[in-house]
Amino acid sequence: MKRKKEIIDELEREQCLPEEGLRELLSTKEKETLEYLRQRAEAVRQSVYGNQVYIRGLIEFTNYCKNDCYYCGIRRSNSLAERYRLSREEILSCCKMGYELGFRTFVLQGGEDGYYTDERLCEIIRAMKSSYPDCAVTMSVGERDRESYEAMYRAGADRYLLRHETADEAHYGKLHPKELTRKSRMECLRTLKEIGYQVGCGFMVGSPYQTTDTLIQDLLFIKEFKPHMVGIGPFIPHKDTPFRDEAAGTLEMTLRLLSIIRLMHPLVLLPATTALGTIDANGRELGILAGANVVMPNLSPREVRGKYLLYDNKICTGDEAAECRFCMEKRMEKIGYQVVVDRGDYIAYENPGSGFS
């Protein structure tokens with residue numbers, strides 16, 4: 001335990017570790033060590049963000065996707081998925097309801113759907129910013145070219161979430177068809193940061209073929225890239241994908257990684273994800289106690305929530321938006337945290353981009 005405690009103290013102090021130190025933290029089974037890791041991560045998160053938890057209003061606006069990722073329930077080849085698209089008016093209706101409930105960030109998330117051209121997306125973004133100028137707009141619509149990212153940024157998008165999925169090239173190839181490459185993914189992330197977005201990357205915990213070495217590469221990439229947000233959650237198989245019979249990621253490893261990421265990157269915006277709440281009834285609370293500081297209740301219309309299934313058994317698909325919002329507030333209060341009405345920007349964000357207005 002003493003050796004492991006020294007490693008955790010070094011991680012907190014230096015915000016990095018040699019690979020061997022990360023390997024020890026990722027492989028230890030000592031409960032005392034893991035509890036000390038959690039305590040240090042929570043203390044660091046408290047020192048930066050206090051007991052405040054930021055909420056994001058998630059709007060899953062399309063489940064069409066041109067890609068065929070092996071793990072994803074809305075992959076192109078899943079003929080059993082019931083497809084839908086939300087109109088501009090439906091999206092704005094979600095925002096209106098969300099604003100009245102206290103949300104000040106809206107996350108537009110969808111598959112890579114060619115129907116939503118730059119023109120359509122920019123029109124939606126401008127309408128959102130015009131109606132709710134004090135709110136942040138986060139986009140999560142996958143890989144696009146620089147011109148598309150610049151157009152959305154000019155239209156008013158503030159943030160962009162694009163999970164890197166895995167920093168290991170060979171592992172990336174085992175999760176995706178050949179037309180999708182790690183190189184393209186990384187280029188998109190760097191382009192987004194150059195433009196000036198607050199950028200989020202991330203990966204699935206326990207995805208098929210993941211090893212301790214691939215996780216170390218993920219952590220070292222996050223350290224090098226310095227994202228403003230990191231989204232990690234357990235891999236959960238979907239019954240209509242090639243990975244239907246693979247084991248799910250674990251609560252314990254997800255919490256361990258949340259704590260390591262908090263110590264490596266103290267300022268990062270770190271969600272306790274819906275997937276974490278899916279594998280454990282108290283998963284999101286445990287995520288906050290492990291160092292996370294963001295939750296993302298669903299604002300999507302109730303009638304489409306059960307259709308946006310990236311994985312099986314997703315929680316909250318039948319709840320109304322207000323139910324999700326106030327349920328989350330009560331859950332956070334029970335563990336001593338407070339949901340705040342705030343944009344919840346990265347605390348030290350400075351626009352490094354090329355000045356698009």
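## Contact between helices α1 and α3

In this predicted model, helix α1 meets helix α3 through a set of residues from each partner. On the α1 side these residues are K4, K5, I8, D9 and E12. On the α3 side they are T33, Y36, L37, R40 and V44.

## Arrangement of the two helices

How do the axes of these helices lie relative to each other? Helix α1 covers residues 2–14 and helix α3 covers residues 31–49; their axes come within 10 Å and cross at roughly 20°. Because angles under 35 degrees count as roughly parallel, α1 is described as roughly parallel to α3. The crossing of the two helices is right-handed.

## The parallel sheet

The model also contains an open sheet of 6 strands, with parallel pairing. The strands follow the order β2-β3-β4-β5-β6-β7. Which strands form the edges? They are β2, at residues 57–62, and β7, at residues 229–234, and each of them pairs on one side only. From one strand to the next, the twist averages 20°.

In general, the strands of a sheet pair through backbone hydrogen bonds, either parallel or antiparallel.

Terms used: Residues numbered from 1 in each chain as written. Predicted model: local features only at pLDDT ≥ 70, side-chain atom pairs only at ≥ 80, totals over all residues. Heavy atoms only, no water. Pairing = 2+ DSSP bridges. Helix = DSSP H or I, 4+ residues; strand = E, 2+ residues; numbered from the N terminus. Axes fitted to C-alpha atoms, helices over the stretch in contact; angles between N-to-C directions. Parallel < 35°, antiparallel > 145°, perpendicular 65-115°, else oblique. Left-handed = near helix turned anticlockwise from the far one by under 90°. Contact = heavy atoms within 4.5 Å.
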